[in-house]
Each structure stands twice: as C-alpha cells, then as structure tokens.
Amino acid sequence: MKNRNNLLRMLLAALFLALAYVMPFLTGQVPEIGSMLCPLHIPVLLCGFLCSWPWGLAVGFTAPLLRSFTLSMPPLYPTAVCMAFELATYGAVAGLMHRIMPKKRSFVYVSLLIAMLAGRLVWGLAMLVCTGAQGFTAAAFIAGAFTNAIPGIVVQIVLIPLMVQLGEKVLKNKL
C-alpha cells in the first residue's frame, strides 16, 4: 500500500510539473495580465498540498529552471534562478503547513497564506543576493512580490483551497 501511495504521489508530481510547464502558454494569451496570474504557482502549491512537501519542493525548484533551459522563458539569471527558490519554498511550506495543521478548510487558507508570504520573502532574498543591494530595492520587492502579482494572488486564494479539497476527496477514494 505504501508503494502505491508513493507511486501515486510521484505521478501527481509529474502531472503538476507538466502543468507548470504548459500553463504559462495559456495565461500568455491574455497579454495585459498573463504573467500577473503567476501560472507556475498554482501547480506547485497544489503539489505541496496534495503530494507532500518534498514533492512540492522538487517540482517548485525544477519548473522554472526546466522552462528556462528548454524555452529560454523565463530568462535563466536572475529570473528563473530566483523563481526556483521562490517556488520551492511555496511547495515545501504549503506541504509542511498542511501536514501539521488541522485538516479543516480554514487551515488550508492559513497554510496557503503562510506559503505565499514565505515564497515571496525567499524570492526577495534571492533577488537581493543575485542582483545586489543596488539592483534590487524595497520598491522593486513590493512591486514584484505583491503589486504586480495581485491577480495571481486572488486566483490562488480562490482556487487553491477548492482544488485541495477536491483533490483530497479524489485521493481519499484512491488510497
């Protein structure tokens, strides 16, 4: 039974990685807000919640680098490198928080918000390290982490808890 659960988690993680790879193509069709929807974030967060933190971390770290190496989007340095640390944090923190918190819908929101804040802080630190203090200001952090991401933040807050509940119902029947 444990091998079956591990296999299912691995398959789901592969699915989430594939979704992270293709979702920017779909949101890119909306030029005004396509990148603001943060299309890589949704599959990574779901992976953390549904597959556990190690898979969320792995998928989060891999997705932007894979897209950068194969499509040159996002640009590797500093964008994809910093995104790799950010998304790895999203997946890991979402999975860890979901594991330790009570299994109630309200705590999915709490886990999500903590993961979103932690990921954005890690992105800011990574950008600071990669670009230096002069190349990355507090205003750039606020704009990149929050202001420009408002549509994506809203989509994540609305969709992720619903998708986690649905995913857990499906997995409960399969495990």
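What is the volume of the second largest pocket? In this predicted model, the second largest pocket has a volume of about 580 Å³. Its lining comprises 24 residues. Nearest the centre of this pocket lie Phe49, Leu50, His98, Lys103 and Glu168. Helix H7 (150–174) contributes the largest share of the lining, six residues. At least two residues each also come from H1, helix H2 (41–51), H4 and H5. By residue type, the lining of the second largest pocket holds ten nonpolar, six polar and eight charged residues.

Histidine 98 sits in helix H4, which spans residues 76–100. Its relative accessible area is 6%, so histidine 98 is classed as buried, the cut-off being under 20%. A polar contact of 2.4 Å joins the side chains of histidine 98 and glutamate 168. Leaving aside residues up to four places away in sequence, histidine 98 touches Phe49, Lys103, Val108, Ser111, Val164 and Glu168. Among these, Phe49, Lys103 and Glu168 are also listed with His98 nearest the centre of the second largest pocket.

The largest pocket has a volume of about 670 Å³. Of its 27 lining residues, Ser35, Cys38, Pro39, Thr79 and Met83 are closest to the centre. H4 gives the most to this lining, with four residues. Helix H1 (2–27), H4, helix H5 (105–135) and helix H6 (138–145) each supply at least two. The lining of the largest pocket divides into 16 nonpolar, eight polar and three charged residues.

Methods
Residues numbered from 1 in each chain as written. Predicted model: local features only at pLDDT ≥ 70, side-chain atom pairs only at ≥ 80, totals over all residues. Heavy atoms only, no water. Buried < 20%, exposed > 50% of the residue type's maximum accessible area, 1.4 Å probe, protein only. Polar contact = N/O pair within 3.5 Å; in protein donor to acceptor, adjacent residues only side chain to side chain. Contact = heavy atoms within 4.5 Å. 1 Å grid on protein atoms, 1.4 Å probe; cavity = no way out; pocket = protein on both sides within 12 Å on 5 of 7 lines; lining within 4 Å. Points joined across faces, edges and corners; volume = space filled by probe spheres on them. Nonpolar A, V, L, I, M, F, W, Y, C, P; charged D, E, K, R; others polar.
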